[in-house]
Amino acid sequence: MNIQDAPHGINIVVETAKGRLYIGRFDSANGFTALLHDCDVRDIADPAAREQHIREAATYGIDVQERDTQVDVLQVTRVRLLRDIPKL
C-alpha cells in the first residue's frame, strides 16, 4: 500500500529506509510528509524483533509515545493496515 492511499483515521504500520517503525492513526499526507496521531515510534533493526513488536501492537494496542508525528514520505518503504497484521 502507498501511504498516499492509506485510509483516514485508520491505524497503520509504517516502516522506513532508516529502520524506523511508526505505528499510529493516519491523518493525511502531502507530497513530503504524512501526519500520524497517537504513535508508537521505534528504531528496531532486527526484522524478527520488529515484526514481533508489530504483532504485539496488533494484539494489545498501540503503546502511544507521541501524540502527533510527521513522517518523511520519501523514506517510507512499507505501509500496512494494523488490522491486517496477524495477532499473537
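**Entry 1: Arg 42 and Asp 40**

I looked up the salt bridge between Arg 42 and Asp 40, whose closest N and O atoms are 2.7 Å apart. The model is a predicted one, and I read every distance here with that in mind. Asp 40 counts as buried because its relative accessibility is 1%, under the 20% limit. Arg 42 is partly exposed, with a relative accessible area of 25%. I then asked how many salt bridges there are by this rule. The count comes to 9.

I turned to Glu 15, which has its place in strand E1. Is Glu 15 buried or exposed? I found a relative accessible area of 9%, so Glu 15 is buried. Leaving out residues up to four places away in sequence, I noted that Glu 15 touches Arg 20, Leu 21, Arg 50, Ile 54, Gln 75, Val 76, Thr 77, Arg 78 and Arg 80.

Glu 15 forms a salt bridge with Arg 50, with 3.5 Å between the closest N and O atoms. I checked burial for the two, and both Arg 50 and Glu 15 are buried.

Glu 15 also forms a salt bridge with Arg 78, the closest N and O atoms being 3.9 Å apart. Arg 78 lies in strand E5 and Glu 15 in strand E1, so this pair ties together parts that are 63 residues apart in sequence. Arg 78 counts as partly exposed, at 41% relative accessibility.

I followed the salt bridges that share partners, and they join Glu 15, Arg 50, Glu 51, Arg 78 and Arg 80 into one network.

**Entry 2: Thr 16**

I moved on to Thr 16, which also lies in strand E1, residues 11-16. Thr 16 is buried, with a relative accessible area of 12%. Its contacts, not counting residues up to four places away in sequence, are Tyr 22, Gln 75, Val 76 and Thr 77. I also looked up Val 71, which is 55 residues from Thr 16 along the chain; their C-alpha atoms are separated by 8.9 Å.

**Entry 3: Helix H1**

I checked the length of helix H1, residues 47-60. At 1.5 Å a residue its 14 residues should span 20 Å, and the end C-alpha atoms are 20 Å apart, which agrees.

Which residues of H1 are buried? I listed Arg 50, His 53, Ile 54, Ala 57 and Ala 58. They cover an arc of only 140 degrees around the axis, which puts them on the same side of H1. An α-helix has 3.6 residues a turn, so residues three or four places apart point the same way. The face turned away from the buried side carries the exposed residues Ala 48 and Tyr 60.

I asked what the buried residues of H1 pack against, and found E1, strand E2 (20-29), strand E3 (33-43) and strand E5 (76-81). Just after H1, Gly 61 takes a positive phi of about 110 degrees.

**Entry 4: The nonpolar cores**

I looked up the largest nonpolar core, which has 15 residues. Those with the most contacts inside this core are Ile 3, Ile 12, Val 14, Phe 26, Leu 36 and Val 71. E1, E2, E3 and E5 each give two or more residues to the core. The largest share, 4 residues, comes from E3. I noted a second, separate core of 9 residues, which includes Ile 23, Ala 57, Ala 58 and Ile 85.

Technical notes: Residues are numbered from 1 along each chain as its sequence is written. This is a predicted model: local features need pLDDT of at least 70, side-chain atom pairs count only at pLDDT 80 or more; totals for chains, interfaces and linings use all residues. Side-chain values use heavy atoms; hydrogens and water are left out. Buried means under 20% relative accessible area, exposed over 50%, partly exposed in between (1.4 Å probe, protein chains only). Contact means heavy atoms within 4.5 Å. The expected span of a helix is 1.5 Å times one less than its number of residues. The arc is that of the directions from the helix axis to the C-beta atoms. A nonpolar core is a set of buried Ala, Val, Leu, Ile, Met, Phe, Trp, Tyr and Cys residues joined through side-chain atoms within 4.5 Å. A salt bridge is a side-chain nitrogen of Lys or Arg within 4 Å of a carboxyl oxygen of Asp or Glu.
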